[in-house]
Amino acid sequence: MRNWPSGTLLETRYYHWFVPIDPSASIAPTARVHPDAVIGEGTRVDEFCVIEQEVVIGANCVLEPYVYVKRWTSMGDRNQISSGTVLGTDPLDKNFTGDRSYLRIGNGNRIREHFTISRATRAEGETVIGNDNYVMTSGHIAHDCRIGNNTVICSCVLVAGYVEVQDQAFISGPLGIHQFSKIGRLAMIGGMTRVNQDAPPFFTYAGSPMRPKGVNLVGLRRAGFGAEEIRGIKRAYVLLYRSGLKLEEALKRICIEVPSESTRELVAFIRSSKRGICRE
């Protein structure tokens with residue numbers, strides 16, 4: 001990936017540094033690419049795509065037919081964007097005034113058919129999608145969201161504004177996530193769940209409203225967690241959800257009985273929660 005100035009993927013004042021369309025890029029005859037857009041080496045833009053001005057697309061990306069990339073969107077390298085996807089849409093917010101804001105997408109993401117992702121509501125704000133995420137079909141990620149790395153977002157998932165999804169989370173579909181909610185690292189959300197509170201890391205959740213269902217054993221093992229660390233997370237789950245303890249007492253017991261990097265992450269997540277976590 002290019003070393004973009006100031007650690008960002010898109011800064012319009014730096015456009016003159018780059019050749020707008022790399023000679024090795026492939027642009028279909030029916031695609032419409034604005035002269036101010038930047039297209040990286042080896043990238044393929046298929047038939048009937050539209051790429052507006054002040055867009056940056058990195059190297060070796062694939063945009064299938066009918067992809068629409070709107071102004072002030074940037075993406076890194078090796079992204080595959082399927083047909084009918086729209087990136088950088090104006091936010092679905094009645095208070096939006098049309099000011100410049102951004103959608104930033106990292107590297108190695110797969111975004112499947114008919115998905116939409118909005119730029120931020122506030123002037124100079126940003127919606128951020130990290131690296132190596134797999135986003136399935138016919139859903140929406142709203143303005144000002146933060147999606148981490150290596151997440152899976154299944155078909156027909158609707159992510160409201162200002163939601164944070166941390167690394168390696170798995171969100172089944174269909175479902176909706178309430179604005180300002182936070183999904184922890186390696187959390188797994190079951191299909192048809194109504195996500196209206198924060199979901200702490202490492203556990204599974206389901207139901208309407210959302211309820212904790214257990215430890216995400218499959219996800220933890222795939223992520224390389226050892227047996228002892230998983231036992232500590234299981235004990236933390238029991239203290240948090242099955243002991244009958246009040247929340248602060250449960251957190252103190254977790255810190256004392258099963259201290260580890262993972263349980264400290266769990267406790268820090270819960271203590272920083274603004275919407276509260278589901279406990280029933």
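**Salt bridges and a helix pair in the predicted model**

At 43% relative accessibility, Glu124 counts as partly exposed. The model is predicted. The Glu124 side chain meets that of Arg100 in a salt bridge, with an N to O distance of 2.9 Å. Glu124 lies in the loop between β14 (116-118) and β15 (126-129), and Arg100 in the loop between β11 (86-89) and β12 (102-105), so the pair ties together parts that are 24 residues apart in sequence. Arg100 has a relative accessible area of 30% and is therefore also partly exposed, like Glu124.

The count of salt bridges in the model comes to 12. Another of them joins Arg110 and Glu64. Their closest N and O atoms are 3.8 Å apart, against a cut-off of 4 Å. This pair links distant parts of the chain, 46 residues apart. Arg110 belongs to strand β13 (residues 110-111). Glu64 sits in the loop between β7 (62-63) and β8 (68-69). The relative accessibility of Arg110 is 18%, so this residue counts as buried. The limit for that class is under 20%.

Helices α2 (residues 227-241) and α3 (residues 247-257) form a pair whose axes come within 8 Å. The axes cross at roughly 160°. Angles over 145 degrees count as roughly antiparallel, and α2 and α3 are therefore roughly antiparallel to each other. Their crossing is right-handed. On the α2 side, the contact is made by Arg235, Ala236, Leu239 and Leu240. On the α3 side, Leu247, Ala250, Leu251, Arg253, Ile254 and Glu257 take part. By class, the contact has seven nonpolar residues, three charged residues and no polar ones.

Two of the α3 contact residues, Arg253 and Glu257, also form a salt bridge with each other. Their closest N and O atoms are 2.4 Å apart. The two residues are four apart in helix α3, so about one helical turn separates them. Arg253 has a relative accessible area of 28% and is therefore partly exposed. Glu257, at 35% relative accessibility, counts as partly exposed too. Salt bridges that share partners join Arg253 and Glu257 with Arg235 into one network. Arg235 is among the α2 residues that make the contact with α3.

Technical notes:
Residues are numbered from 1 along each chain as its sequence is written. This is a predicted model: local features need pLDDT of at least 70, side-chain atom pairs count only at pLDDT 80 or more; totals for chains, interfaces and linings use all residues. Side-chain values use heavy atoms; hydrogens and water are left out. Axes are lines fitted to C-alpha atoms, for helices over the stretch in contact, and angles run from 0 to 180 degrees between N-to-C directions. Angles under 35 degrees count as roughly parallel, over 145 as roughly antiparallel, 65 to 115 as roughly perpendicular and the rest as oblique. A crossing is left-handed if the near helix is turned anticlockwise from the far one by less than a right angle, and right-handed if clockwise. Contact means heavy atoms within 4.5 Å. Ala, Val, Leu, Ile, Met, Phe, Trp, Tyr, Cys and Pro count as nonpolar, Asp, Glu, Lys and Arg as charged, and the others, Gly among them, as polar. Buried means under 20% relative accessible area, exposed over 50%, partly exposed in between (1.4 Å probe, protein chains only).
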